[in-house]
Amino acid sequence: MANVRSDVLVPPDRLHATCPVCDADNPRPLLALADHLSADRFAAVTCGACDTVYLVDPPTPDGIGRYYDTSAGSAMHVKPGPLFVKLRDRRIAADLAPLLARLTPDAPVADLGTGDGSVAEHLHRHGHRAVGLDIYPRAEWTHDGVPYRQISFSGGGPTAEDLAGAGAAACGAVMRHVLEHVHRPAETLVGLRAHGVSHVLVIVPNVESRLARRLGANWYYWDPPRHLTFFSADSLGLCAARAGYRLDFLRTYGLDELATSAHRALLVRGGKRALCAARALRPTGLIAGAASVAQAQFGDTVLHAVLTADGR
Ligand SMILES: [Zn+2]
């Protein structure tokens, strides 16, 4: 099998990535993927050593920010409607349940890649000690009363001090739709383990979902290059094991894949009518939202896991 590095020229603002789970440099071509927002193209490959699927030519950590300057980024700071808030709160409670069941009630929890802060705020509102951690400045944090720290995901991720932002060293960590975005997910988990985090809640797209296979390059959750690693249950287990964690809880659940994948396909195709249709099918819109609720029980879009430190 040819090594991708030897026959593809890597542009200066791109990396040649080794496997984000096992570090092997044995990529097998899988799919050419277009970014539906920038139209830039990326190569998804399968690791020849451990079968993890990842982008082999991602933007550099310094250069990836521009791919987030999108409608999703600005929507983060628009106040959502009351029905959306209620559904989101119910989803967050279900997502957190297997983590909280493994922690004492006073155990501090760090929400890595907290985004709009809804998980950290939910924890805080329910009496847990929580800190929100993300890459944006403190001035953009909107939840007074909930601790926040600006962090970097490079070089092993948050420091011990960051993880103690809730007042004491975090026992639990949340990485909800986050692990697929970081360049070196195994190293981030190694950092959490080294700083004494005993349990990590992880939610990531499931590259082996039934619809991912059928939708091919249109599958919404490729979302290149914002998503860099495409986990299966097996590769998530390997990633956890590298850091001294095991998959202590694992299930799948559904989110909309059809409306959002049609949205992605229309944006890649381009043209005025396609863009108009794409707007109705956007991930934050009513159609995708309703489809996600309907799919929750039956689908297998995401992996919902708790990683527990070995010996716990
Ligand atoms: Zn590998």
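Visitor: Which residue of β2 stands opposite A32?

Guide: This is a predicted model, in which local features need pLDDT of at least 70 and side-chain atom pairs count only at pLDDT 80 or more, while totals for chains, interfaces and linings use all residues. Residues are numbered from 1 along each chain as its sequence is written. Strand β1 (residues 27-34) and strand β2 (residues 41-47) run antiparallel and are joined by seven bridges, where strands are DSSP runs (E, at least two residues), numbered from the N terminus, and two strands pair if DSSP finds at least two bridges between them. Within this pairing, the residue opposite A32 is A43.

Visitor: Which residue takes a positive phi in the hairpin of β2 and β3?

Guide: Strand β3 (residues 53-55) runs antiparallel to β2, with three bridges joining them, and A44 stands opposite L55 in β3. The hairpin has five residues between the strands, and the residue with a positive phi, near 70°, is D51.

Visitor: How many of the seven residues of β2 are buried?

Guide: A residue counts as buried if 20 or more other C-beta atoms, placed from the backbone, lie within 10 Å of its own. By that criterion β2 is largely enclosed by the rest of the structure, because the number of its seven residues that are buried is five.

Visitor: Which residues of strand β4 (residues 109-112) point the other way from V109 and D111?

Guide: In a regular strand the side chains alternate between the two faces of the sheet. In β4, V109 and D111 point one way, all four residues named for the strand are buried, and those pointing the other way are A110 and L112.

Visitor: What is the bridge partner of A110 in β7?

Guide: β4 pairs in the parallel sense with strand β5 (residues 130-134) over four bridges, and there V109 has A130 as its bridge partner. Strand β7 (residues 172-176) also runs parallel to β4, joined to it by three bridges. In β7, the partner of A110 is A173.

Visitor: Within what arc do the buried residues of helix α11 fall?

Guide: Helices are DSSP runs as well (H or I, at least four residues), and the buried residues of α11 (residues 286-295) are A288, A291 and S292. They line one face of the helix, because seen down its axis, by the directions from the axis to the C-beta atoms, they fall within an arc of 105°.

Note on methods:
Buried ≥ 20, exposed ≤ 12 C-beta atoms within 10 Å, placed from the backbone.
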